[in-house]
Amino acid sequence: MGVSAWIMFLLGAAGLWGGLAYFLWHHIKAEKQVQQEGQS
Amino acid sequence: MEQRERWASKAGFILAAVGSAIGLGNIWRYPYVVYENGGGAFLIPYFVALLTAGIPILLLEYVIGHKYKASPPFGFRKIRRGAEWIGWWQVIVAFFVITYYMAILGWALSYTYYSFGTQWGEDTEGFFFNHYLSISEGFWGFGGIQWKVLIPFVIVWAVTYWIMQRGVSRGIEVANKILMPVLIAMMIIITIRGVTLPGAAEGLNVLFTPDFGALADPKVWVQAYGHVFFSLSIAFAIMITYSSYLPDKTDLTNSGLIAGLANSGFEFMAAIGVFATLGFLAAVQGVAVEEVATAGVGLAFVVFPQVINAFPFWNSLFGVLFFGSLLFAGFTSAISILEPVVAAVREKFHLSRKSAVNWVCGFAFLVGLLYTTSGGLRYLDVVDHFTNQYGIVLGGLLEVILVAWIAGKLGEYREHANRISYVRLGGWWNICLRWITPVLLTCMLLMTLLNEFSKPYEDYPYSGLLAFGWSVLGIILIGALYFTRLRQEGGNA
């Protein structure tokens, strides 16, 4: 694979998979917070 | 009156929304769209389209469903009296889509079976069109029902019917919780196997090497907006219905972003898997990747069986994984396409879920029998073209015009989303929905119309396009107006 192809692949992967991971992490954090509030 | 059904968990809703968005198009359409429209450079208009139209419309539909707790026709009526028909338009479009979508699922089921021992042989094109579909000569050659197509069609309908009868949390949610992880695991295996094949690097090179000159072509941008629009299951009543089953306290924005990015992340992975295996096929056949690259039915049922034939070992396993992933991706989308129709019929006629499912599935099954005939592929192609290019696009355009321009509710909806969501929507959301989306959807519609009148779609006869294309749009419009005028059972008009 050429350098330009690698760069576009990395940009796509970072934007899409990275973005998904970030919002999933937010979701999990918020769920835990809700559970902790429910217990206290 | 029965209490409105609810998702058992937020994760269940997100998985169902992702399952709805991830469909056949993610696997067989997106890779080719990227390749044809500038390769890696296409990611730029794709990201812009996702952020300025795809996710904003998705969030709008989440808010409408969540705020009004109603199926699309009644949600739109609550936005503005007289707008109920827009909801029915979207619901009837969904009905026509499900009639042919189940036929394609039947093909995927058949090919999962044919994968055992690669039963399609060496001539994969002849096997699909002549042996399996027994395609007839001429557009009007119905040729009778083909049992090889009918049997899997009945099986996928039976399973779908059973899931729909079980309801939202026990049927749709459970199905998605089982099928989605399996689908993602299967696609990961396909991708890993794909990139480790000889020739895969050349396939990926063709896919990702950017042609930035393509970005100057407006058609590439329209393709990006079009793909994002069709890929996210927006504008045909699904997301409004799904979000109407959410509890009051739900982070709508975060759920929308997860669903949107999961759908895009999945198709990005599918593109890698598909082009890596196409690179392998090209290397085996000694031709350029461009010569084997294709999309849609041709990619799935003609080219992929060739890829599977060429595998050094475990051919059948790879076939089962590929066609199984098509089947599962399509299956979770199919139940989501049926749900808004069931919900709307239920609300209009005050039916039990069981009765509504019986009516909707029964009627859709009967209409779908048309696609099991020898001429079925052609009729399916025309109905698909017209319901997608006009039905869904027009449904989306009417929706944004109603909310942003006629009712002027964008500010109120933004407040609603921000009140319950961690990620806050800014003024950009209003700009996207008030200006960018309507302009782009109008451009898409005009370009399709221009193409339509310059050359008949796929060179089909005008009589066929009139019978299965324009007439279907007419039926959708008449049906939408008829259901709107019909007095609601036990309620007001």
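Modeller: Two residues are in contact if their C-beta atoms, placed from the backbone, lie within 7 Å. Please keep in mind that this is a predicted model.

Colleague: How are α13(B) and α15(B) oriented to each other?

Modeller: Two packed helices are described by the angle between their axes and the distance between the axes. Here the axes of α13 and α15 of chain B come within 10 Å and cross at roughly 65°, and the crossing is left-handed. Angles of 65 to 115 degrees count as roughly perpendicular, and therefore the orientation of α13(B) and α15(B) to each other is roughly perpendicular.

Colleague: How many charged residues does the contact of α18(B) with α21(B) have?

Modeller: The crossing of these two helices, α18(B) and α21(B), is right-handed. Among the residues that make the contact are Tyr379(B), Val382(B) and Phe386(B) of α18(B), together with Leu465(B), Phe468(B) and Val472(B) of α21(B). Sorted by class, the contact of α18(B) with α21(B) has ten nonpolar and five polar residues, while the number of charged residues is none: there are no charged residues.

Colleague: Is Ile86(B) buried or exposed?

Modeller: Ile86(B) belongs to helix α6 of chain B, which runs over residues 84–114, and, leaving aside neighbours within four places in sequence, Ile86(B) is in contact with Phe76(B), Leu398(B), Glu399(B) and Leu402(B). A residue needs 20 or more other C-beta atoms within 10 Å of its own to be called buried. Because Ile86(B) has 26 C-beta neighbours inside 10 Å, Ile86(B) counts as buried.

Colleague: Which residues does Ser110(B) contact, leaving aside its neighbours within four places in sequence?

Modeller: Ser110(B) also lies in helix α6 of chain B, and with 22 C-beta neighbours inside 10 Å it counts as buried. Leaving aside neighbours within four places in sequence, the residues in contact with Ser110(B) are Tyr132(B), Lys148(B) and Pro152(B).

Colleague: What distance separates the C-alpha atoms of Ala49(B) and Val222(B)?

Modeller: Ala49(B) is found in helix α4 of chain B, residues 43–68, and counts as buried, with 23 C-beta neighbours inside 10 Å. Not counting residues up to four places away in sequence, Ala49(B) touches Gly54(B), Ala224(B), Tyr225(B) and Val228(B). Although Ala49(B) and Val222(B) are 173 residues apart along the chain, the distance between their C-alpha atoms is 9.0 Å.

Colleague: Where in chain B is Ala235(B), whose phi is near 70°?

Modeller: Most residues other than glycine have a negative phi. For Ala235(B), phi is positive, near 70°, and Ala235(B) is buried because 28 other C-beta atoms lie within 10 Å. Its place is in the loop between α11 (218–231) and α12 (238–243) of chain B.

Colleague: Is Asp459(B) buried or exposed?

Modeller: Asp459(B) has a positive phi near 60° and sits in the loop between α20 (427–454) and α21 of chain B. Because Asp459(B) has 7 other C-beta atoms within 10 Å, Asp459(B) is exposed.

Colleague: What UniProt annotation covers residues 6–25 of chain A?

Modeller: Chain A has one helix and zero strands, and its C-alpha atoms fill a box of roughly 55 × 10 × 5 Å along the principal axes. The end C-alpha atoms of residues 6–25 of chain A lie 27 Å apart, and this span is 100% helix. According to the unreviewed UniProt entry, the annotation covering residues 6–25 of chain A is "transmembrane region".

Colleague: How many residues of chain B are in contact with chain A?

Modeller: Chain A contributes 18 residues to its contact with chain B. By class, that side of chain A has eleven nonpolar, seven polar and no charged residues. On the side of chain B, the number of residues in contact with chain A is 19.

Methods:
Residues numbered from 1 in each chain as written. Chains lettered and ligands numbered in written order. Predicted model: local features only at pLDDT ≥ 70, side-chain atom pairs only at ≥ 80, totals over all residues. Nonpolar A, V, L, I, M, F, W, Y, C, P; charged D, E, K, R; others polar. Left-handed = near helix turned anticlockwise from the far one by under 90°. Helix = DSSP H or I, 4+ residues; strand = E, 2+ residues; numbered from the N terminus. Buried ≥ 20, exposed ≤ 12 C-beta atoms within 10 Å, placed from the backbone. UniProt positions renumbered as here; feature names shortened; annotations may be inferred. Axes fitted to C-alpha atoms, helices over the stretch in contact; angles between N-to-C directions. Parallel < 35°, antiparallel > 145°, perpendicular 65-115°, else oblique.
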